[in-house]
Amino acid sequence: MQSQDLKHTMQNVIWDDAPVDVTEEVNFIWSIANKLRGPYQSDKYKNVIIPMTIIRRFECALEKTKPAVLQMVSTNPNIPDKVLYKAAGYSFYNKSRLSLNELLNDSANIAENFKSYLQGFSQNVKDIIANLEFEKEIIKMDKHNRLYGVVDAFSNVDLNPAIIDNVKMGYIFEDLIRRFSENAEAGDHYTGRDIIKVMVEILLAEGADDIFDDHKVVTVLDQACGTGGMLSTSYNWIKRFNNTAEVKLYGQEINPESFAMCVAEMLIKGEDADKVQHVDTMKTDSFPGQKMRFVIENPPFGQSWGGKDASEGVESAVKDEFDKAHSRFMAGLPGTGDMQLLFMQSAIDKMDDTNGRAAIIENGSPLFAGGTASGESQIRRYMLEHDLIEAIIALPTDLFYNTGIATYIWILSKNKREERQGKVQLIDATQLYHVLRKSLGKKRNEITAEDREAIVKLYADFTENENSKIFRNTEFMYREYAVMQPLQRSYAINKERIENMLAKGSLNSIYDEGKIAELQAKEDLSDKDKKKLDTLEGGQPLYEDIVTTLRNSVSDTLYLSPKEFEPILKAVLKPHAVELAVNKTLFSKIMDGLSLMDKTAEIQRDRKGNIIYDKETKDTEIVPFEENIDDYMTREVLPHIPDAKAFFEEDMSKKKPVIKTGAEIPFTRYFYKYVPPKASDELAQEFFALDKSVNERIAKLFGGAL
């Protein structure tokens, strides 16, 4: 396998914060794409560039030991893989006598020879290449006379691990990915090493003393592992401080190019590549029953898991998982337009129940999206009630290669230290960054070693200051109360009340022009729709008769209780008594339609003498979880509406529970800084100065004359 010296070098290089310059290598590789012009559109260059980079990387790694492998194969064609792995120095080999450079010696047969060369790799490498469907590209390039030039160019790229270590290779891969990322899937954001280092250092800053035990087995999972940057960084940090640790890396990745790069580097690092799976995490947990010491990931932002925009089979897989007795999605399903909180729950499920910890990057949506009963709110509530959220860190903007949006690191823990229990720390690190001398795509800022140290210190100190706030979990939970006023209504038969009744749709059950038009516009009517249409069309005469009767009975009399008004209305509608007897709710709807809220009217009560509250006055109050509702009402509501009453309508016993307890984390509210507006005199001076400047420029433009 790989030498200990090379492993030791890689472990230390990754924490060297000196800039890693891969410009020369990336520009050279990228220039090869020019040879593909014509047969390939620019968004398809990656179909060739990525596999060729991986193939050349493998070839360079094996160059020194390949003669020994060929000698063994010539002696014993059936020699076991394990023997060849040992001879190659890696957990892969190539037993073909060809190389990229040697393919150039037979240009007429370069395509077939190239395929033969690839077949010489061990099965694990062949699987990577097959997954990228690279044979199709060989045929296409050969057909369009591009294959020779591409092979020639790549044969001159030196990607030997002794020169280009895993860290530098990671940067090369990520820079290539960045250049392709303009056409990446929505929500895919490749994470720079500066961000990953912050995540790893915070993740391991506390609650992780056990990883320094001799020969400690440490499991690390990334459910959206991309090219493996987070896994590699975690590995190197742990091995840097405990070289005896056995770090086992697990990953899942849906993008075939990223997956291939990740597996390639895992093989070169001497890791078990079988622990990285090419699967959709929303569909499959590739490691069922395996709990992880650490989970670290950057799942896609705002990507649909359901509806027309979701990938095929994802919605049904998520719902099937949710229906299981012990679901990965234990707290609920968020809206179908964003799967971030599904990844969050899956991470919680994978965290070791004793001491599992996770660092997850999200955008702002998981903090506050959704109403009280929404899946998002209930997932947040679950995490708070189970004391899983240790800290949330707001990062600077413009850190990612293809997006400038605000992002947050969620630190989740199942082994909070005593001081953190029942609490959440919010950290504002938005100003802890340095501007890059040259932007990389949309990445204009970076987190330097100095910035990282400051962020980690804010977290580890666990004290309150301008950039660090600490709250009880219940700070972010709330109850939703319905507030209503007593039912007080006056009744009358006048022009205004009749129009109000019609606007409320009190007679729509017998005749509804809008519903009739809707049904008539349908091409195919069900039997139920036909019956409904016949009923509504047949009800027009009664509708018109009732309206006419009411309009012929208008008066100025105002009635302050239903008891007074009911006999009056029955007398007026006596000509329609038969129809009203058949449609028993119609009379109540007409009576209600002729009423208006009136504080001079009698307070209505039920048969037991209890006050009836008016649902039309219903308003909603969001009340902090720990606040007494009477105190809240006294302070916030009763000074304005003295007779209002609050109702907590949550009912979890129903088949479809009524949920009125929710959670949100309005992060920016806690760090808001008031900036007073400029004084009017100062604004006036600025205006006059601007006006003078404009006039001078106009005068200059027109030769000095206004």
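**Exercises on helix packing and domains**

**Exercise 1.** Which residues of helix 24 and helix 26 meet?

Solution. In this predicted model, helix 24 contributes Pro562, Phe565, Glu566, Leu569 and Lys570, and these meet Phe587, Ile590 and Met591 of helix 26. Next, sort the residues of this contact by class: six are nonpolar, none is polar and two are charged. Then place the two helices. Helix 24 covers residues 562-572 and helix 26 covers residues 586-593. Their axes lie 11 Å apart, and the packing angle is about 120°. Last, the handedness: helix 24 passes helix 26 in a right-handed crossing.

**Exercise 2.** Find the angle at which helix 12 and helix 13 pack, and explain why helix 12 is called oblique to helix 13.

Solution. Start with the positions: helix 12 spans residues 193-203, and helix 13 spans residues 229-241. The angle between them is about 50°, with the axes 10 Å apart. Because of this angle, helix 12 is oblique to helix 13. The crossing of helix 12 past helix 13 is right-handed. On the helix 12 side, the contact is made by Arg193, Ile196, Lys197, Met199, Val200 and Glu201. On the helix 13 side, Gly229, Met230, Thr233, Ser234 and Trp237 take part. By class, this contact of helix 12 with helix 13 holds five nonpolar, three polar and three charged residues.

**Exercise 3.** State the bounds of domain 1 and domain 2, and how many Å separate their centres.

Solution. The domain assignment puts domain 1 at 19-181 and domain 2 at 486-597. Taken over C-alpha atoms, the centres of domain 1 and domain 2 are 79 Å apart.

**Exercise 4.** What percentage of residues 27-154 is helix, and what percentage is strand?

Solution. First, the record: an unreviewed UniProt entry lists residues 27-154 as "domain: N6 adenine-specific DNA methyltransferase N-terminal". Over residues 27-154, the chain is 64% helix and 0% strand. The end C-alpha atoms of this stretch are 13 Å apart.

Conventions
Residues are numbered from 1 along each chain as its sequence is written. This is a predicted model: local features need pLDDT of at least 70, side-chain atom pairs count only at pLDDT 80 or more; totals for chains, interfaces and linings use all residues. Side-chain values use heavy atoms; hydrogens and water are left out. UniProt positions are given in the numbering used here, feature names are shortened, and annotations may be inferred rather than shown by experiment. Helices (H or I, at least four residues) and strands (E, at least two) are DSSP runs, numbered from the N terminus. Axes are lines fitted to C-alpha atoms, for helices over the stretch in contact, and angles run from 0 to 180 degrees between N-to-C directions. Angles under 35 degrees count as roughly parallel, over 145 as roughly antiparallel, 65 to 115 as roughly perpendicular and the rest as oblique. A crossing is left-handed if the near helix is turned anticlockwise from the far one by less than a right angle, and right-handed if clockwise. Contact means heavy atoms within 4.5 Å. Ala, Val, Leu, Ile, Met, Phe, Trp, Tyr, Cys and Pro count as nonpolar, Asp, Glu, Lys and Arg as charged, and the others, Gly among them, as polar. Domain bounds come from an automatic or database domain assignment.
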